[in-house]
Amino acid sequence: MSGSSDDKNLRPGTRVTRAGRQAEWTGPVVNPPVWRASTHLYESEAQRKAATGSNEDGEFFYGRRGAPTQWALAKALTEIEPGAFGTVLYPSGVAAIAGALLAVLRPGDTLLMSDNSYDPSRSMATGLLKRMGIAHAFFDPLDLPAFEKVVAQHSPRAVWFENPGSLTMDVCDIPALARIARQAGSVTLIDNTWASALGFPALAHGCDITMQSLSKHVGGHSDLMMGSASAGERWYKALRLTSQQLGQVVSPDDAALAARGLRTMAVRLRQSTQSALEIAEWLREQPQVAQVMCPMLPGSQGHELWKRDFTGGCGLFSFVLKSSDPDASGKFVDALELFGIGYSWGGFESLALPIFPHQHRNVMASPTAASGGGTRPAVRLSIGLEEPGDLIADLKRALSQLDNS
Ligand SMILES: Cc1ncc(COP(=O)(O)O)c(C=O)c1O
């Protein structure tokens, strides 16, 4: 059976194993086949004319509008996102950020962006959008009264959130922030890559458009680049139109890989969340560690909001070292053996990345100021599917080398 309306009553972990199946598109198979095609042939001129008039997934037109492999993935992502009418796929997460912002903003508009946002999102505001005559201002997502003021001051067309900040790990009150923004007539967008739809139902919590990098949890195997944006009917149509105008399309091979990743995403996330929590708890006890920023960790900034609003976590969190040596985080990651040093996250393999305060204006400005985090070296970990005991042994070895450096 393909996904049906009854599936809405199933738990998310079950739904990801079924979502997106549509036998008319893909045939009676478990996984959508890789449907490689630029040209779609019509049986007659009358059929070509009919197809040209409409513009929906499920209707063959030309490869740039996708084919069953991409349609099945977009449908699956829509089915697991409460409140979504449709999903647009993009060739990367950054392309999804650009596509979503360009679908909403026009010259003369103002964008408000939370100051814990991922660097390329910030560069989009300060570079591309600025060149197009779109103004921007950053705000502290942890300060609701200040946010109210900044909204009143700027009357923004759109507000961009990231929750938690993917470096700072600060969790903010999205339902409250979105309410303030919507009351002012702003469109609310969120980078929901950390939690995905399984961990944070962003549209249900008041956002108009939810974006994620599928290169992370959905792909899950560090072998593909892709992004998505999902929304209710009005904004889905705007996203689709803008993406088509920009000529964006994802390859069917990558779409098939992402669809395969989706099937195991719930169980991978559950495991990496549990391992991350175990490792975060251990790290907090280490004498070389000043602070651990992990939403799932009791006592960590935002843990109460995480418990209230989220239905899951993931393996990504950060911690601050006590060392005053600015090179300490670099030395630490060099000393690790099981963790790779690399960008991206959400794969089955664990990664470590130094974070330097100068890289990110707000890194640890508010949540960790109390610990002196803003001036100390920090590290971001992406916990994968290795045994947590082995990862802890590796971290222990690397921390002990810091003592001797
Ligand atoms: C929070 C966040 N959003 C978006 C992206 C961009 O995704 P992609 O690498 O697929 O372009 C990343 C990538 O690291 C990210 O960390």
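## Domains

The domain assignment divides the protein into domain 1 (5–263) and domain 2 (266–404). This is a predicted model. Taken over C-alpha atoms, the centres of domain 1 and domain 2 lie 28 Å apart.

## The interface between the domains

Contact between the two involves 39 residues of domain 1 and 36 residues of domain 2. Interface size is often expressed as the accessible area that is lost when the parts come together. Between domain 1 and domain 2, about 3200 Å² is buried. Carbon and sulfur atoms give 59% of that area. On the domain 1 side, Leu167, Val171 and Trp194 stand out: they supply 24% of the area that domain 1 buries against domain 2, more than any other three residues.

## Polar links and contributing elements

One salt bridge is counted between domain 1 and domain 2. Asp173 forms a salt bridge with Arg308. The closest N and O atoms of Asp173 and Arg308 are 2.7 Å apart.

Which elements give two or more residues to the side of domain 1 that touches domain 2? They are helix 6 (119–131) and helix 9 (196–199). Helix 9 gives the most, with three residues. By class, this side of domain 1 has 15 nonpolar, 17 polar and seven charged residues.

## Confidence

The average pLDDT of the protein is 92. At least 70 is the score for 94% of the residues. Residues 358–373 need care, with pLDDT below 50. In the model, this stretch has 41 contacts beyond near neighbours in sequence. Where pLDDT is low, predicted coordinates should not be read in detail.

Two backbone features deserve a look. Ser155 is found in the loop between helix 7 (144–154) and strand 4. Ser155 is not a glycine, yet its phi is positive, at about 40°.

Pro164 is found in the loop between strand 4 (158–162) and helix 8 (174–183). Is the peptide bond from Asn163 to Pro164 cis or trans? The bond is cis, with omega near -10°.

How values were computed
Residues are numbered from 1 along each chain as its sequence is written. This is a predicted model: local features need pLDDT of at least 70, side-chain atom pairs count only at pLDDT 80 or more; totals for chains, interfaces and linings use all residues. Side-chain values use heavy atoms; hydrogens and water are left out. Domain bounds come from an automatic or database domain assignment. Contact means heavy atoms within 4.5 Å. Buried area is the accessible area (1.4 Å probe) that two parts lose on being put together, summed over both. A salt bridge is a side-chain nitrogen of Lys or Arg within 4 Å of a carboxyl oxygen of Asp or Glu. Helices (H or I, at least four residues) and strands (E, at least two) are DSSP runs, numbered from the N terminus. Ala, Val, Leu, Ile, Met, Phe, Trp, Tyr, Cys and Pro count as nonpolar, Asp, Glu, Lys and Arg as charged, and the others, Gly among them, as polar. pLDDT is the predictor's confidence in each residue, from 0 to 100.
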